[in-house]
Amino acid sequence: MSPVFLKIAGLLAIGMAVFGLLTGKVPAGTRGFKTNYYHRNENPFLFYGFIVIYLVIGMAILVNSG
């Protein structure tokens, strides 16, 4: 894949994690056309788990993008 595309994808994943930390909700999949969110107050373990997953994926893509 193009290095530019990989950098954009990595930054997008990291941006989702930062957006989740700022808003208190993180997207965690979909059910039809409705997005499922985990909220910081309702389910903190899964919320922070998805934050870590997005950060790790984003950093791995950026490191391997060249």
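1. Buried means under 20% relative accessible area, exposed means over 50%, and partly exposed lies in between (1.4 Å probe, protein chains only). Tyrosine 54 is buried at a relative accessible area of 15%. Phenylalanine 50 is partly exposed, at 21%.

2. A word on the source. This is a predicted model, where local features need pLDDT of at least 70, side-chain atom pairs count only at pLDDT 80 or more, and totals for chains, interfaces and linings use all residues. Residues are numbered from 1 along each chain as its sequence is written, and side-chain values use heavy atoms, leaving out hydrogens and water.

3. Now the core. A nonpolar core is a set of buried Ala, Val, Leu, Ile, Met, Phe, Trp, Tyr and Cys residues joined through side-chain atoms within 4.5 Å. The largest one has five residues: Ala17, Val26, Phe47, Ile51 and Tyr54. H2 gives the most to this core, with three residues. Helices are DSSP runs (H or I, at least four residues), numbered from the N terminus.

4. Next, the rings. Ring centres within 6.5 Å make an aromatic pair of Phe, Tyr or Trp (its six-membered ring); planes under 30 degrees apart are stacked, over 60 edge-to-face, and the rest tilted. The whole structure has three aromatic pairs. Phenylalanine 47 and tyrosine 48 are edge-to-face, 4.9 Å centre to centre with 80° between the planes. Phenylalanine 50 and tyrosine 54 are tilted, at 6.2 Å and 50°. Both lie in helix H2, four residues apart, about one turn of the helix. Tyr38, Phe50 and Tyr54 form one aromatic cluster.

Conventions: Helix = DSSP H or I, 4+ residues; strand = E, 2+ residues; numbered from the N terminus.
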